[in-house]
Amino acid sequence: MGIKKGIVYVFIANAINLIIGLFTGFVLPKLLSVDTYANIRLFQLYVSYVTVLHLGFSDGMYLRLGGKSIDQVDKKEIREEFKTFKIFQIIEAIIAIIICLILKNKILLFCALVILPINIGDYLRQLYQATGLFKKYSIFTNVNTVLIFIVNVLLLLVIKTDDSIKYIVGYIIVYMIYWISIEIEARKIFGKDKAKANVKYFVQNIRSGFLLLVGNFCNNIFTGIDRLFVQGLLGKIKFAVYSFAASIENLMNVFIMPISTVMYNYLSNRNGRDDVLKIKKIIVLLAAIIIAVVFPAKFVIQTWIQKYNDVLNVLFILFAAQYITIMVRCVHINTYKVRKQQQKYFIIMLFIVGLSVILNIILFLMFRSIEGIALATLITSTIWFIIGEIDFKEYRLDFKNYIYIFSILIMFLICGQIPSSIMGCITYVILVVITSFILMRDGIKMALTEGKDLVMQILKKNKQVN
């Protein structure tokens, strides 16, 4: 499947996620107590770290199959590998549950219960992604999201409960249903014949994927480390406020994920300098417009959820950080993977996490606020971007493109300080358009050409169907 078609499939999936995310992002904090919302977000934060327990098994598979089509993979081998992985995860889940029961930690026990569904689902989605089955990937991105949305609606608007445990149990049930559904579909694709587990898959996948796993885990730690600092240093109320900002920030994933998801498969087959530079320039342009979604979010908070007004400055700082890291997540990380530079990626992520910890401590001591911690995220993201640009000098942007990125950041943060969200948004969009025509004229032409080609492909396909 081509990059354009793949992006469309994943974008549709993420557009549905956006609609549901708007409900989760704004309605839950509006109607739930701050304490309940904080407990739910803490569970979700811990669950995001569960994937580390596959120890690189899924990443090893991803590296081996990345860039191949579904017709090029040995289905019997996939069944054997999957059987091995499932036994491995069952053993881990049992051990984790026993440990949590001994510790009598309820939140960790809930996390242990979802090890199997989350890691098996992650393995199969990575398999779909690696082999270009973006339509399947998109479907199962939506299954989980839609089911959690239904649970939230039932508990919030029908049962009308403020008990965080009920929400968490509901999410666990969703993860179980998701696991069953994605495995049933996988059997249709790779066959239902019985397969034997083979320890060779365990050894070779973990050996090749462990450093990538640790790198990705450090990436995950970096994504959530600011919330961990807020929880530990500023308490549950500030954690709820900061987590609310992070949930709104996640709306950016609607636009980032379609590109980052298909880029590994694309770069595995085609990584000429001109192709990569074209994509990077288009990403820089699109991201400058995409981050403007924070202005409508600001409007909703100011008019509907005033109890979270303290989050506004944090929101703009975190979105500015997202603007910087979109290039890292879409191009830099995927290039490390394509070039099999897991060790280098691992070292860089260790450095980024260490830097993030140091900056979080320094800026917390300086400001004693959630804004200081958010600023640490922005600075670390900028340094991470610079490292990637230094590493891949053949894909380096023009100097005027870097001036453009810096200008967008400054204008965005300044416009965020305008009291009226509407005036701030209008001012920002006008400035982006003017700056883009001055510094990114070639990027605009590329974006328009690619957009036109994509529309023509869709129209041609519809004409053939009719």
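In the predicted model, the axes of helix 11 (residues 273-290) and helix 13 come within 10 Å and cross at roughly 150 degrees. Axes are lines fitted to C-alpha atoms, for helices over the stretch in contact, with angles running from 0 to 180 degrees between N-to-C directions; helices are DSSP runs (H or I, at least four residues) numbered from the N terminus. Helix 11 and helix 13 are therefore roughly antiparallel to each other (angles over 145 degrees; under 35 degrees counts as roughly parallel). Val276, Lys280, Ile283, Val284, Ala287 and Ala288 in helix 11 meet Tyr323, Ile326, Met327, Cys330, Val331 and His332 in helix 13, where contact means heavy atoms within 4.5 Å. By class, this contact has 10 nonpolar, 1 polar and 1 charged residues; Ala, Val, Leu, Ile, Met, Phe, Trp, Tyr, Cys and Pro count as nonpolar, Asp, Glu, Lys and Arg as charged, and the others, Gly among them, as polar.

Helix 13 (residues 312-338) also packs with helix 15 (residues 370-391), at an angle of about 25 degrees and with the axes 9 Å apart. That angle makes helix 13 roughly parallel to helix 15. The contact of helix 13 with helix 15 comprises 17 nonpolar, 7 polar and 4 charged residues, and the crossing is left-handed.

The structure holds 4 cavities of 30 Å³ or more, a cavity being a set of points on a 1 Å grid over the protein atoms alone where a 1.4 Å probe fits but cannot get out.

Elsewhere, helix 4 (residues 75-103) and helix 6 (residues 115-130) pack at about 155 degrees, with their axes 9 Å apart. Helix 4 and helix 6 are therefore roughly antiparallel. Their contact includes 12 nonpolar, 2 polar and 2 charged residues.

Residues are numbered from 1 along each chain as its sequence is written, and side-chain values use heavy atoms, leaving out hydrogens and water. Local features need pLDDT of at least 70 and side-chain atom pairs count only at pLDDT 80 or more, whereas totals for chains, interfaces and linings use all residues.

Conventions. On a 1 Å grid over the protein atoms alone, a cavity is a set of points where a 1.4 Å probe fits but cannot get out, and a pocket is an open set with protein on both sides within 12 Å along at least five of seven lines; lining residues have an atom within 4 Å of a point. Grid points are joined across faces, edges and corners, and a volume is the space filled by probe spheres set on the points. Helices (H or I, at least four residues) and strands (E, at least two) are DSSP runs, numbered from the N terminus. Angles under 35 degrees count as roughly parallel, over 145 as roughly antiparallel, 65 to 115 as roughly perpendicular and the rest as oblique. A crossing is left-handed if the near helix is turned anticlockwise from the far one by less than a right angle, and right-handed if clockwise.
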